[in-house]
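Have the sequence and the 3D view ready.

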Amino acid sequence: MSLTSEKMIDVYETMVKIRMFEDKVAELFAEGKVPGFVHLYAGEEAIAAGVCIHLTERDYITSTHRGHGHCIAKGVNINSMMAEVYGKANGACKGKGGSMHIADVEKGMLGANGIVGAGGPLACGPGLMAKTLGTDQVTVCFFGDGAAEQGTMHEAMNLACCWTLPLVFVCENNGYAESTPCSYHCAAKNISDRAVAYDMPGVTVDGTDLFAIYETAEEAIDRARRGEGPSLIECRGFRYYGHFEGDAILYMTEEEKEHNRARDPIDNFKKRGLERRLLSEAQIAEVDTRVAAIIKEAVEFAEESAWPDSEEVFTDVYVNYP
Amino acid sequence: MATRKITFREAINEAMRLEMRRDPTVILFGEDVAGGATLPHMEGENKEAWGGVLAVTQGLAPEFGRNRVLDTPISESAFIGAAVGAASTGLRPIAELMFVDFLGVCFDQIFNQGAKLRYMFGGKAQVPMVIRSMIGAGLRAAAQHSGCLYSIFAHIPGLKTVVPSTPYDAKGLLSSAIRDNDPVMFFEHKLLYDMEGEVPEDNYTIPLGVADVKREGDNTTIVTLGRMVHLSLEAAEKLAGDGIDVEVVDLRSISPIDEDAILKSVKKTHSLVVVDEDNPRCSLATDVVALVASEAFDYLDAPCKMITAPHTPVPFSPALEDVYIPSVDTIVSTVKSLRE
């Protein structure tokens, strides 16, 4: 099904939320307001937005260390996300997870993950749950090009295919595993070619082209929902920020950065949306203004939130521990 | 409740069978847990196939079907991770991971995912899963199929670690583990599988973290677990012949651990010997001795002693493996030495 006007606004809003959230976090990090490590998703917005628009709240996703975009696209509350990044008591995880572990199981977001490639095996879990209980829930496993080289991803894709689980593996190939280029760390021409090894559909799409991602993801998610098993989608894109904040990105040339800016997923989406008259300038302006207010409010919410009580160190390890 | 004699293996099988009957969200998977069972060509005597390499899960696939008893590829990371993911989204998986030594290949999914998920998510998730795995030396299975290693898991916050010693305990503890809302490591000593004991037919649970005094005595406390309980009881019989009346405390669970039971016994007997088949550094044995040294020092009449495996991998040769495993003679002589 092609993008309706209503969905156009939805995906645009998701992408803008991710971009503004990440730009704001970068700024806050530079100001020293955000502790720890942050890995920002800006540049990859079309992937999370184009995939997650096909999911319901009952569907699940597993994520990566670069997980803010997945959270936003899956509907995690922005205020609670920002408070979590700050380490505040009102955070999505009560300040115990931080940027690398933001989660909201109620929203089907099974957590950003600090271990590269760990999400593959985890994603088989809700897949197995849906199959065992006979529900039509689908699970999407987001992973990076770096994770593609972990044995866990091979194991997970094979297991998901052996068990015909309702899964979609979405590889976000942003070109670099930390600073190591995909051309160096990946022996295959395309990560999607590996799908052949598991007898599942595999396709590479432009990770900056929301329309292409939307259509490809729809087909794969529908296939999973019909009980026909997993698919692998490789989205080739880029990230604006470094591996983590503080990374000067010396491994990218200026030409490459320039080339990336020219294929900005949000700009491209706007341009094509306007050309096809699926979006209007007025709608774009309305979303931009609204989202800017949402992000501003999220920062205020986070800053005004209390730090967790010191007793919180000791809770939530177990449900019950005599 | 009617009881009858069944083996440790049958007791574990029965706990899973009864819990799976009781709760449709309990599922079982692992390498060869169905093992060919229910395949069209499997008939008559062959119908039940392997049921795991040591036949602990035999008969479960025919009863519950291949949707709830699933063989897995030899992909421990994938299926342990799947257990974590399934547990956090509504199932109660039992994952069978053949030998504890193999947990090394999927440790991330256990200690970075399963164990930490609830905490990282601020308590907004739970991971009700059981990983069953075989432990222990004595089968001449050499260094990669014979370890105990349970101390490693007890070290990790978020995991519970259970090591049963009898058929009765195995069934009740496994039922508790399956119903528990936290991830539980459940370790089965392979030399205990054929041991018989009285076990009720019905379902029952034994709470995790409650030790059991397997033999009462006044002279020395032996704190132990798993197969070493039986060696300790044998040693206790010999010592009784010499007029030394030891108390044998079976921990059953080492995380949570029943500190009160240990301290209560030591305060009564005034000396402690820990008998532990695991390796000695940063181990259960050192943990128990540290507890007693910190909390019951004034009650001690003698130094605490540890009888453990040596700080080596498990050797293959029978001549060497028999040296590796703590012996009844060592327990007897150690307890006697406390009186010299």
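Start at Glu14(B), which counts as buried because its relative accessibility is 15% and the cut-off for buried is under 20%. Keep in mind as you look around that this is a predicted model.

Which residue does Glu14(B) pair with? Its partner is Arg4(B), and the closest N and O atoms of this salt bridge are 2.3 Å apart. Arg4(B) counts as partly exposed, at 22% relative accessibility. The two residues sit ten apart and link distant parts of the chain: Arg4(B) belongs to strand S1 (residues 3-7) of chain B, and Glu14(B) to helix H1 (residues 8-22) of chain B.

Now move along chain B to another pair. Asp180(B) and Lys160(B) form a salt bridge, with 2.8 Å between the closest N and O atoms. Asp180(B) lies in the loop between helix H7 (167-179) and strand S7 (184-189) of chain B, while Lys160(B) lies in strand S6 (residues 160-162) of chain B, so the bridge ties together parts that are 20 residues apart in sequence.

Arg226(A) is exposed, with a relative accessible area of 54%, whereas Glu228(A) is partly exposed, at 40%.

Back in chain B, salt bridges also form a network, linking Asp169(B), Asp212(B), Lys214(B), Asp250(B) and Arg252(B). Over all chains, a search of the whole structure finds 48 salt bridges.

Definitions and conventions:
Residues numbered from 1 in each chain as written. Chains lettered and ligands numbered in written order. Predicted model: local features only at pLDDT ≥ 70, side-chain atom pairs only at ≥ 80, totals over all residues. Heavy atoms only, no water. Salt bridge = Lys/Arg side-chain N within 4 Å of Asp/Glu carboxyl O. Buried < 20%, exposed > 50% of the residue type's maximum accessible area, 1.4 Å probe, protein only. Helix = DSSP H or I, 4+ residues; strand = E, 2+ residues; numbered from the N terminus.
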